[in-house]
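Morning, everyone. I have one model to walk through today. Here it is on the screen.

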Amino acid sequence: MQEVLDGTTYSLQSYKSSADSFMCTLIPESSSSHIQYSPGGLIYKPGGSNLQHATTITFLLLVYANYLEKSSQILNCGTISVSPSMLRKIGKRQVDYILGENPKGISYMVGYSNYYPQKIHHRGSTIPSINDHPQVIGCNEGSIYFNSSQPNPNVLVGAIVGGPGEDDVYDDNRDEFRKSEPTTYINAPFVGALAYFAANPNVN
C-alpha cells in the first residue's frame, strides 16, 4: 500500500481503491457509510466478540492515516474529504471507549481502572490458583467455579473481553461468552493502537 500511495506501483491501484472505499464506510458523514456505531460511539458488527472488530478497525485506521500523511494525500469519500487526522480521531474514540469512556463507564480491559469485568469467561482466571487449591481440578470439576456469583479469583490483567452489544449494554456474566471472553485476536491489534498513541500522546 505504501508503494501505491507513493505513486511507484500502478499495478496495485485497485487495492488502494478498495482500501479507500473501506475507509469511507467508516466515516458517518460519508455517503458510503455503512458501518454501525453504538449510541455510545463504538464500532459495531453483529456476531459476538464485537471488540475484535473495533480493535482491528482501529489499527487499520491508524495505519492508513499514516500512509496518507506520508504521501500527502487525503481520502475522497464522495461529498467529503477525509484527512489523516480525522481517521486518527475515529481510532482514538474507539480506544477511549474500550478503556472506559463509554455509557457504562467500564474499562473492557481487565485490570485497567477501578471498574472492569470481574467475571470473565476464562478458565485460568475463574478457578482457584494452585496456591489456594493445591489439589488437581479435573475438567468436569470447574463448573462450581464457573457458576459462582463471585468475581474471578485471578485477575487476568490486560485481557480485553468481547465487549458490549449494539446498545452499549454489558452484563458482567461468565455465561455470556460472546461478551465476557477475552481473546488474543482482540488484544493483538489493540497493542498496535496503544503503541501508536503512546508514541504520539498529543493526538486528539
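Start with Pro 84. Is Pro 84 buried or exposed? Pro 84 counts as buried, because its relative accessibility is 9%. Buried means under 20% relative accessible area, exposed over 50%, partly exposed in between, with a 1.4 Å probe and protein chains only.

This is a predicted model: local features need pLDDT of at least 70, side-chain atom pairs count only at pLDDT 80 or more, and totals for chains, interfaces and linings use all residues. Residues are numbered from 1 along each chain as its sequence is written, and side-chain values use heavy atoms, without hydrogens and water.

Back to Pro 84. It is found in helix H4; helices are DSSP runs of H or I, at least four residues, numbered from the N terminus. Which residues does it contact, leaving aside neighbours within four places in sequence? Ala 65, Leu 68, Glu 69 and Gln 73. Contact means heavy atoms within 4.5 Å.

Now the largest nonpolar core. It has 24 residues. Such a core is a set of buried Ala, Val, Leu, Ile, Met, Phe, Trp, Tyr and Cys residues joined through side-chain atoms within 4.5 Å. Leu 51, Ile 98, Tyr 108, Ile 160 and Phe 190 have the most contacts inside it. Helices H3 (51-70), H4 (84-98) and H8 (184-199) each supply at least two residues of this core. H8 gives the largest share, 5 residues. Apart from this core lies another, of 17 residues, including Met 23 and Ala 65.

Last, Leu 60. It sits in helix H3. Leu 60 counts as partly exposed, because its relative accessibility is 35%.
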